[in-house]
Amino acid sequence: MKCGMCHREIPERLPDAASRCGSCPGGCRKVHCPYCGYANPVMPKYLKKLVSKKSDDGRE
Amino acid sequence: MFQKPLKESAESREPKIILVGSPNVGKSVLFNALTGAYTTVSNYPGTSVEVSRGHATINGCRYQVLDTPGMYSLMPITEEERVARNMLFSESAHVVVHILDARNIERMLPMTIQLIESGLPVVLAVNIMDEAERVGMAIDIPLLQEKLGVPVIGAAFARKRGFEELYRAIDGFDPSVRASFGYAPDLERDINLLTEQMQGEYLVDKRSLALLLMQRDEDIHRQVMAVEGERYAGIEKSVSAIVFDRRADLHLRISLERKHVCRGLLDGVISQHTGRRTPFAEKLSTLCMRPLTGLPILLVALYFGLYEFVGGFGAGTLVDFLEGTLFEEHLNPWAESLGADYLRWEWLRELVVGEYGIFTLGIRYAVAIILPIVGTFFIAFSIIEDTGYFPRLALLVDRIFKWFGLSGRAVIPMVLGFGCDTMATMVTRTLESVRERIIATVLLALAIPCSAQLGVIMALLSEVPGALVIWTACIVMVFLLIGLLASRLMPGEQPMFYMEIPPLRLPQFRNVLVKTLTRMHWYFLEIFPLFIIASVLLWAGKISGLMDGLIRLMEPVMIALGLPLQTAAVFILGFFRRDFGAAGLYDMQTSGMLTPVQLTVAAVTLTLFVPCVAQFLMMQKERGWKVSLLIFLFVTGFAFAFGCLLNYVLLEAGVLA
């Protein structure tokens, strides 16, 4: 996924239990960008299906 | 990392081509074209990161080709980048092909410098040239090659352009030709000090290692320790002294030095075709970051994004329809009549369809008031986010934030605070010093309203002429005043801020839609059960008389604020959830219970009022009991004192009367 702040490609891994903010009932749904710290929401499964894959050379 | 394996298999004796570059620059397109169908994908040892390997035959020579995970610099942050660097530093490549996007050559060239600096056999492939040419950008490849001292090819691998040049560059690669790039004398002195102390044998150039040591790269420290043995203590001592001397700006200096080198390299290399003017996006990008033009642009974005769209359309038109028409005229009367017919017990009827009923209050608040406001806020937020405006905002406010002892980096938690202050409080940990974290936490707790609160307040106040101006002036004044005071009370060093600026672009419909739906999905799932629980608690409070007791307890404060006694319930709800409190205020206003002065005082006090329970718990987690309790008490006292003062001033001045 792409970070909403710095627009860098970031791994879509949710933070481990110790580094979660714990404010969301039902678990963490934010991926913090390792480069700038911005919190990006994780796409729900049904939305993932709607998003087509991006080609590797950066073109849609 | 620095030693070759003792026994080499036939495959490992094959010369290696390593493909490296940022994500989405065309590495995999090149990898597939080089290797064909027969490739293997396996996890890099000890990690979950996948690495692709294959083979290519160029001019009769068989090469092993490795596709590395995307990386932005040789200073790794993610596990993927760590793996990519390990591969570069340990695989003894015949050639490292650095692929970059021609359109973003200025942002990506610093990594080429790092690769060359490390002594790696680099071939630079400037990919996606076709797109760059389409926007009028011309890159003088031979001149860049001459300046860099490594083979450079222009390519559009997806269009099958540049392969022949690449094959020739790989086949005829001469590792003896290599340029070196000089930094400022003081930085060179530090680099030399460390390289002279490193006496072991390394596969990577010592200059590159020295820079990574200075940036406190733990992996490199471990490797140098392993190679140097007893000499490491002296190296570590020198590194600590350099890091201490340059504690304010070391990373920034190194980044700026590389940028400076890249600017020199690209001077005369990039040009726009005659007849084509500077792209509008570039002009606008510059204007966004200059104070004289950036502030008006910010105000325009706030006016149309927040005031008109969220306040006017979301909290006005949509809430009027959902709350006023759908719930008040149709759903609530229908539910109440069903309750009267089928719910025989008074307490149960009250619980479901009463004053604080699950349906008549909890569901109505969540669906008819908060959801449309938050939904429109998320649309505006996602549009602004997708354009790449936020990093520019960070640079714009950097100098203002420096007055508060913060840097532009604090824009990230502040911007996130408009979504949810709890999560934003956690993000303050990304700020460099404890001082910055405390100041940002105080400002978040005091003067940054969350999205729903902001939307409701905008909708309420926009109906009273002058009220929104007073509210905005109060919040901005408090933000500046407390920020300045906090930075004076907690003196410390001026933080430095540096951020890569992504290209400014038109928001893409799909991105905005997906981001908005994602945020709304999670937000609604989060608040819906909480609003139900809140209405049950309110019902229980009403039945048991506890709510009345709490309201009576707050009576003197409400009198001092000049507010009706029922407003106490709004503040109690606001502590439970900020958005629930704001929805309560909306209810009071639409019932005609507040005068314009009372509405303004209540809105300002509620905005400044204590953070909600979740935010308080996060403050405690991040800052500890002592600091968080102090912030809590200060914010509570300040909010009510400011509210009383505002009430007094408005009444005395006869404003909004």
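This is a predicted model: local features need pLDDT of at least 70, side-chain atom pairs count only at pLDDT 80 or more; totals for chains, interfaces and linings use all residues.
Local features need pLDDT of at least 70, side-chain atom pairs count only at pLDDT 80 or more, and totals for chains, interfaces and linings use all residues. Residues are numbered from 1 along each chain as its sequence is written, while chains are lettered from A and ligands numbered from 1 in the order in which they are written.

Start with chain A. Its secondary structure comes to 1 helix and 2 strands. Helices (H or I, at least four residues) and strands (E, at least two) are DSSP runs, numbered from the N terminus. From that end, the order in chain A is β-β-α. Chain A has 60 residues, and 43% of them count as buried. A residue is buried if 20 or more other C-beta atoms lie within 10 Å of its own, exposed if 12 or fewer, and partly exposed in between, with C-beta atoms placed from the backbone.

Chain B has 29 helices and 9 strands. Of its 657 residues, 46% count as buried. Its C-alpha trace spans about 90 × 55 × 50 Å along the principal axes. Take the contacts in chain B between residues at least 6 apart in sequence: 74% join residues at least 24 apart. Two residues are in contact if their C-beta atoms, placed from the backbone, lie within 7 Å. For chain A, the corresponding share is 47%.

Now see where the chains meet. Chain B gives 42 residues to the contact and chain A gives 29 residues. On the chain B side, α2 (27-35), α17 (389-403), α18 (411-417), α19 (421-427), α23 (509-544) and α29 (613-653) each supply at least two residues. The largest share, 9 residues, comes from α23(B). By class, this side of chain B has 24 nonpolar, 11 polar and 7 charged residues. Here Ala, Val, Leu, Ile, Met, Phe, Trp, Tyr, Cys and Pro count as nonpolar, Asp, Glu, Lys and Arg as charged, and the others, Gly among them, as polar.

Next, look inside chain B at helix α10 (residues 218-228). B:Ile220, B:Gln223 and B:Val224 are buried there. Seen down the axis of α10(B), they fall within an arc of 100 degrees, so they line one face of the helix. The arc is that of the directions from the helix axis to the C-beta atoms. The face turned away from them carries the exposed residues B:Glu218 and B:Arg222. The cover over the buried residues includes α9 (206-214) and α11 (232-245) of chain B. Just after α10(B), B:Gly229 takes a positive phi of about 60 degrees.

Helix α11(B) also packs against α8 (residues 185-197) of chain B, at an angle of about 170 degrees and with the axes 9 Å apart. Axes are lines fitted to C-alpha atoms, for helices over the stretch in contact, and angles run from 0 to 180 degrees between N-to-C directions. The two helices are therefore roughly antiparallel. Angles under 35 degrees count as roughly parallel, over 145 as roughly antiparallel, 65 to 115 as roughly perpendicular and the rest as oblique. B:Leu193 and B:Leu194 are among the α8(B) residues in this contact, and α11(B) brings residues including B:Ile235 and B:Val239.

Finally, find B:Thr317 in helix α14 (residues 291-342) of chain B. B:Thr317 counts as partly exposed because it has 13 C-beta neighbours inside 10 Å.
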